[in-house]
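Dear colleague,

I am handing over the structure below, together with an account of what was found in it. Please read the notes with the coordinates open beside you.

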Amino acid sequence: VKFAYFALTGTLCLTLLFTFSRGGWLGVLASLLVFALLKDRRVLILILIVLLASAALLPEVFLQRISTIGSPLDTSNAYRLRVWQESLGIIEEFPLTGVGLGHEAFMRIYPLFMLDREKSPFHTHNAYLQILVETGIIGLLVFFWLLGSYFKRGFKAVASCRDKELKYLMIASLSVTVGILTQGIGDVIIYLPKIIILFWLNIALLFLCIKIAEQQRASLEKNAH
């Protein structure tokens with residue numbers, strides 16, 4: 001079983017590597033850091049070793065891609081920065097409620113705020129800006145409230161859970177969700193079904209584990225009496 005898990009994980013890592021998605025790479029790194037902090041901080045040493053080995057062994061094409069993370073000189077980054085700047089103009093005009101849900105509302109209003117007439121983006125390339133554009137400050141606050149409740153209950157459940165399997169599932173859920181949210185900084189995950197389905201499945205997984213843990217605790221207390 002462990003060999004199957006290892007093979008599956010290795011395949012997923014190779015697939016992610018060859019996407020050349022810097023947001024995806026950062027998301028996985030964020031997930032691993034959260035996983036290490038919640039499960040065993042010694043894993044941080046392993047992560048550091050893997051990063052150092054990657055810097056020495058990865059082909060130049062991957063290292064070049066990594067080196068451009070955050071660089072305004074990179075064409076993709078420059079494009080995103082421009083779209084973010086224009087999106088902020090929309091937010092300033094519709095701060096409370098936004099322009100409405102969906103890419104159609106965004107694409108209809110976006111041309112009125114374009115500084116660069118050579119492009120017409122499908123979205124803002126940032127999940128949090130997109131939520132602000134579509135639903136305004138009210139929608140973003142509701143989204144953060146949901147996330148705050150999720151992480152608060154999750155961290156509390158991990159600290160108190162005695163079932164090792166449930167605890168690891170909770171840690172996995174929290175870690176993956178952090179990774180998806182990290183990727184959302186550079187892309188609009190809410191428009192990608194394969195990603196947003198995983199996002200909500202991870203939310204559901206945590207609350208399911210909490211429910212099971214509570215039922216186990218109640219059963220133990222009942223038997224004790």
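Lys 194 lies in helix α9, where helices (H or I, at least four residues) and strands (E, at least two) are DSSP runs, numbered from the N terminus. At 75% relative accessibility, Lys 194 counts as exposed, the classes being buried under 20% relative accessible area, exposed over 50% and partly exposed in between (1.4 Å probe, protein chains only). From Lys 194 to Glu 104 the C-alpha to C-alpha distance is 20 Å, and the two are 90 residues apart in sequence.

Please keep in mind that this is a predicted model, in which local features need pLDDT of at least 70 and side-chain atom pairs count only at pLDDT 80 or more, while totals for chains, interfaces and linings use all residues. Residues are numbered from 1 along each chain as its sequence is written, and side-chain values use heavy atoms, with hydrogens and water left out.

As for the chain as a whole, it has 9 helices and 0 strands, and its C-alpha trace spans about 70 × 45 × 25 Å along the principal axes. Of its 225 residues, 32% count as buried. Taking contact to mean heavy atoms within 4.5 Å, 67% of the contacts between residues at least 6 apart in sequence join residues at least 24 apart.

Ser 160 has its place in helix α7 and, at 33% relative accessibility, counts as partly exposed; Ser 160 and Leu 14 are 146 residues apart in sequence and 35 Å apart in space, C-alpha to C-alpha. Thr 124, by contrast, is found in the loop between α6 and α7 and is buried, with a relative accessible area of 0%. Leaving aside residues up to four places away in sequence, Thr 124 touches Val 83, Trp 84, Ser 87, Phe 106, Leu 129, Gln 130, Val 133 and Val 188.

Helix packing comes next. Two packed helices are described by the angle between their axes and the distance between the axes; here the axes are lines fitted to C-alpha atoms, for helices over the stretch in contact, and angles run from 0 to 180 degrees between N-to-C directions.

Helix α2 (residues 22-39) packs with helix α3 (residues 43-57) at an angle of about 155 degrees, with their axes 8 Å apart. The two are therefore roughly antiparallel to each other, given that angles under 35 degrees count as roughly parallel, over 145 as roughly antiparallel, 65 to 115 as roughly perpendicular and the rest as oblique. On the α2 side, Leu 29, Leu 32, Leu 33, Ala 36 and Leu 37 meet Val 43, Leu 44, Ile 47 and Leu 51 of α3. By class, the residues of this contact are 9 nonpolar, no polar and no charged, where Ala, Val, Leu, Ile, Met, Phe, Trp, Tyr, Cys and Pro count as nonpolar, Asp, Glu, Lys and Arg as charged, and the others, Gly among them, as polar.

Helix α2 also packs with helix α8 (residues 164-183), at an angle of about 150 degrees and with the axes 7 Å apart, which makes α2 roughly antiparallel to α8. Residues of this contact include Gly 23, Gly 24 and Gly 27 of α2 and Tyr 168, Ile 171 and Gly 179 of α8, and they divide into 10 nonpolar, 8 polar and 1 charged.

On α7 and α8, the axes come within 11 Å and cross at roughly 160 degrees, which makes α7 roughly antiparallel to α8. Among the residues that meet there are Phe 143, Leu 147 and Phe 151 in α7 and Met 170, Thr 177 and Leu 181 in α8; the contact has 13 nonpolar, 3 polar and 1 charged residues.

Phe 199 touches Phe 143, Leu 147, Thr 177, Ile 180 and Leu 181, not counting residues up to four places away in sequence.
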